[in-house]
Amino acid sequence: SATMNSNILIILLLTNLINVNCFSPSTLVPKSYKISCLVMSNGRGFGDQPSKPETTKQINEETESTITNKEPVSRDPLNRGQQNLMEMRRQKAEQRDAELRKIKELREIDKTVADTPAAIPEKVAMRMGERMIPFVGIPLFLGLGSFVAFWYLATYKDMEFQPVTVAFTSIAFLAVGLLGITYSIFSTSWDEGREGGSLGFEEAKRNLENVKEGLGRSRENAIIRDQISGLSEPELDRAIADLDRRDKKKVKKTELQELQE
């Protein structure tokens, strides 16, 4: 028991000696005890380790990543709505100007037709007559000649023909003559300064296309006349005058842009 008590006293003395040398400098304490105290004070033992402050580089990298991953700012819906409204107004203004231009062209055409008498030029009329001689005269002559030929053969040669055959032959030649009248008109060059071909295939094609375009314009003009039927002449004059001013401004603006370029 005496030995155990002495061992306990020695352990207590050593423990007190270590604690004193850890927190108070002493030249008598061995170096191993100081190392153990330093290891415990570096935070590698028990207790929470203090966090290291972030460096400037890490902060910059986080800031850049935040800016990069940031979603683009959407436009204000009010601004987009205003742009759509302006576009709709611009389209309506262009459509209204196009209708006014058609009305202006229609009034000019009506004025020209009223001032100029509707007549085929004499040179063109002579060409049509010249074309009718072969395309109309020959079928009519053959139609009459076939009727006379059937009569002669039946009377003097005692040949019998069905009435249907005689009628069909004569009517066929007459129908070809009527078609010849139409072809003579369309195959003639309607341009006074151009004679055209001998058979007139190109002129007929060109004149048919012109007729189709004229019929289309006539339908459009009829629609325009219905639209402006409720407007007075002064209102149309003011609208057309405003259109002319806008067109002049556009022309001047285009000329200035060309000069600047």
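Q: In this predicted model, which helix gives the largest share of the lining of the largest pocket?
A: Helix 4 does, with four residues of that lining. Helix 4 and helix 8 each supply at least two of the lining residues.

Q: Which residues line the largest pocket, and what is its volume?
A: The volume is about 170 Å³. Around the pocket you will find Arg96, Glu99, Leu100, Ile103, Gln227, Ile228, Leu231, Glu235, Leu236 and Ala239.

Q: How does that lining divide by class?
A: Six of the residues are nonpolar, one is polar and three are charged.

Q: What makes up the largest nonpolar core?
A: Seven residues do: Leu100, Ile103, Leu106, Ile224, Ile228, Leu236 and Leu243.

Q: Which residues does isoleucine 224 touch, once neighbours within four places in sequence are set aside?
A: Isoleucine 224 is in contact with Lys102, Ile103 and Leu106.

Q: Why is glutamate 203 called buried?
A: Buried means under 20% relative accessible area. Glutamate 203 has 7% relative accessibility, so it counts as buried.

Q: Where is glutamate 203 found, and which residues is it in contact with?
A: Look in helix 7 (residues 201-227) for glutamate 203. Leaving out neighbours within four places in sequence, glutamate 203 is in contact with Phe186, Ser187, Thr188, Ser189, Arg194, Gly196 and Gly197.

Technical notes. Residues are numbered from 1 along each chain as its sequence is written. This is a predicted model: local features need pLDDT of at least 70, side-chain atom pairs count only at pLDDT 80 or more; totals for chains, interfaces and linings use all residues. Side-chain values use heavy atoms; hydrogens and water are left out. A nonpolar core is a set of buried Ala, Val, Leu, Ile, Met, Phe, Trp, Tyr and Cys residues joined through side-chain atoms within 4.5 Å. Buried means under 20% relative accessible area, exposed over 50%, partly exposed in between (1.4 Å probe, protein chains only). Contact means heavy atoms within 4.5 Å. On a 1 Å grid over the protein atoms alone, a cavity is a set of points where a 1.4 Å probe fits but cannot get out, and a pocket is an open set with protein on both sides within 12 Å along at least five of seven lines; lining residues have an atom within 4 Å of a point. Grid points are joined across faces, edges and corners, and a volume is the space filled by probe spheres set on the points. Ala, Val, Leu, Ile, Met, Phe, Trp, Tyr, Cys and Pro count as nonpolar, Asp, Glu, Lys and Arg as charged, and the others, Gly among them, as polar.
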